[in-house]
Amino acid sequence: MIKLSDLGQVYIVCGKTDMRRGIDTLASMVKDKFNLDPFSGQVFLFCGGSQDRFKALYWDGQGYWLLYKRFENGKMNWPKKQDEVRELSPEQVDWLMKGFSIEPKISEATARNFY
């Protein structure tokens with residue numbers, strides 16, 4: 001398995017992205033919509049509506065990599081807030097790839113029972 005956080009800082013583009021988009025359109029979106037540098041060596045993640053697949057855009061210094069992954073079982077817990085990009089920690093990337101939320105929540109009842 002490719003560990004995305006080993007490639008560089010990972011950013012998640014929240015909400016739905018048209019998964020028919022290719023390298024040039026995704027790189028343009030990173031630059032124009034979010035004012036980030038697609039040539040920075042950072043990883044940008046995009047997800048469609050079904051949340052069982054994503055694309056990762058990465059510049060390695062010589063060219064772009066466009067990685068595409070489809071989960072056979074389950075879905076990712078992708079943030080739905082449109083027009084937002086977030087910087088992820090390596091732990092959050094790992095959680096996302098395992099189908100967990102990048103913002104785990106502990107219910108009040110669980111927290112009370114824990115302490």
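The structure is a predicted model.

**Aromatic pairs**

The structure holds 5 aromatic pairs. A pair of aromatic rings is described by the distance of the centres and the angle of the planes. Take Phe39 and Trp59. Their ring centres lie 4.9 Å apart, and their planes stand at 80 degrees. An angle over 60 degrees counts as edge-to-face, so this pair is edge-to-face.

Where do the two partners sit? Phe39 lies in the loop between helix H1 (23-34) and strand E2 (43-47). Trp59 belongs to strand E3 (residues 53-59). The partners are 20 residues apart in sequence, so the pair ties together separate parts of the chain.

Phe39 has a relative accessibility of 48% and counts as partly exposed. The cut-off for exposed is over 50%.

Phe39 also pairs with Tyr64. Here the centres are 5.5 Å apart and the planes 40 degrees apart, which makes the pair tilted. This pair, too, links distant parts of the chain. Phe39 is in the loop between H1 and E2, while Tyr64 is in strand E4 (residues 64-70), 25 residues apart. Tyr64 is partly exposed, at 22% relative accessibility. Together, Phe39, Trp59 and Tyr64 form one aromatic cluster.

**Salt bridges**

How many salt bridges does the whole structure hold? A search finds 7.

| Residue | Partner | N to O distance |
|---|---|---|
| Asp18 | Arg20 | 2.8 Å |
| Glu84 | Arg86 | 2.9 Å |
| Arg86 | Glu103 | 2.8 Å |

Start with Asp18 and Arg20. Asp18 is partly exposed, with a relative accessible area of 30%. Arg20 counts as exposed, at 74%.

Arg86 takes part in two of the tabulated bridges: it meets Glu84 and Glu103. Arg86 lies in strand E5 (residues 85-88). Glu103 lies in the loop between H2 and helix H3 (108-114). The two are 17 residues apart in sequence, so their bridge ties those parts together.

Are these residues buried, exposed or in between? Glu84 is partly exposed, with a relative accessible area of 22%. Arg86 is partly exposed as well, at 22%. Glu103 is partly exposed at 40%.

These bridges belong to a wider set. Lys81, Glu84, Arg86 and Glu103 are linked in a network of salt bridges.

Cys14 lies in the loop between strand E1 (10-13) and H1. Its relative accessibility is 2%. Buried means under 20%, so Cys14 counts as buried.

Which residues does Cys14 touch? Leaving out residues up to four places away in sequence, Cys14 touches Trp78, Pro79, Lys81, Gln82, Asp83, Glu84 and Arg86. Among these, Lys81, Glu84 and Arg86 are also members of the salt-bridge network.

Cys14 and Gln82 are 68 residues apart in sequence. In space, their C-alpha atoms are 5.7 Å apart.

**Two positive phi angles**

Most residues other than glycine have a negative phi. Asn35 is not a glycine, yet its phi is positive, at about 55 degrees. Asn35 is found in the loop between H1 and E2.

Gln51 is found in the loop between E2 and E3.

Which of the two is buried, and which is exposed? Asn35 counts as exposed, at 71% relative accessibility. Gln51 counts as buried, at 16%.

**The largest pocket**

About 230 Å³ of space lies in the largest pocket. The pocket is lined by 13 residues. Met1, Ile2, Lys3, Leu4 and Met97 lie nearest its centre.

Which parts of the fold supply the lining? E4 and helix H2 (90-97) each supply at least two residues. H2 gives the most, with 4 residues. E4 is also the strand that holds Tyr64 of the aromatic cluster.

What is the make-up of the lining? The residues divide into 9 nonpolar, 1 polar and 3 charged.

Notes:
Residues are numbered from 1 along each chain as its sequence is written. This is a predicted model: local features need pLDDT of at least 70, side-chain atom pairs count only at pLDDT 80 or more; totals for chains, interfaces and linings use all residues. Side-chain values use heavy atoms; hydrogens and water are left out. Rings of Phe, Tyr and Trp (its six-membered ring) pair if their centres lie within 6.5 Å; planes under 30 degrees apart count as stacked, over 60 as edge-to-face and the rest as tilted. Buried means under 20% relative accessible area, exposed over 50%, partly exposed in between (1.4 Å probe, protein chains only). On a 1 Å grid over the protein atoms alone, a cavity is a set of points where a 1.4 Å probe fits but cannot get out, and a pocket is an open set with protein on both sides within 12 Å along at least five of seven lines; lining residues have an atom within 4 Å of a point. Grid points are joined across faces, edges and corners, and a volume is the space filled by probe spheres set on the points. Ala, Val, Leu, Ile, Met, Phe, Trp, Tyr, Cys and Pro count as nonpolar, Asp, Glu, Lys and Arg as charged, and the others, Gly among them, as polar. Contact means heavy atoms within 4.5 Å. A salt bridge is a side-chain nitrogen of Lys or Arg within 4 Å of a carboxyl oxygen of Asp or Glu.
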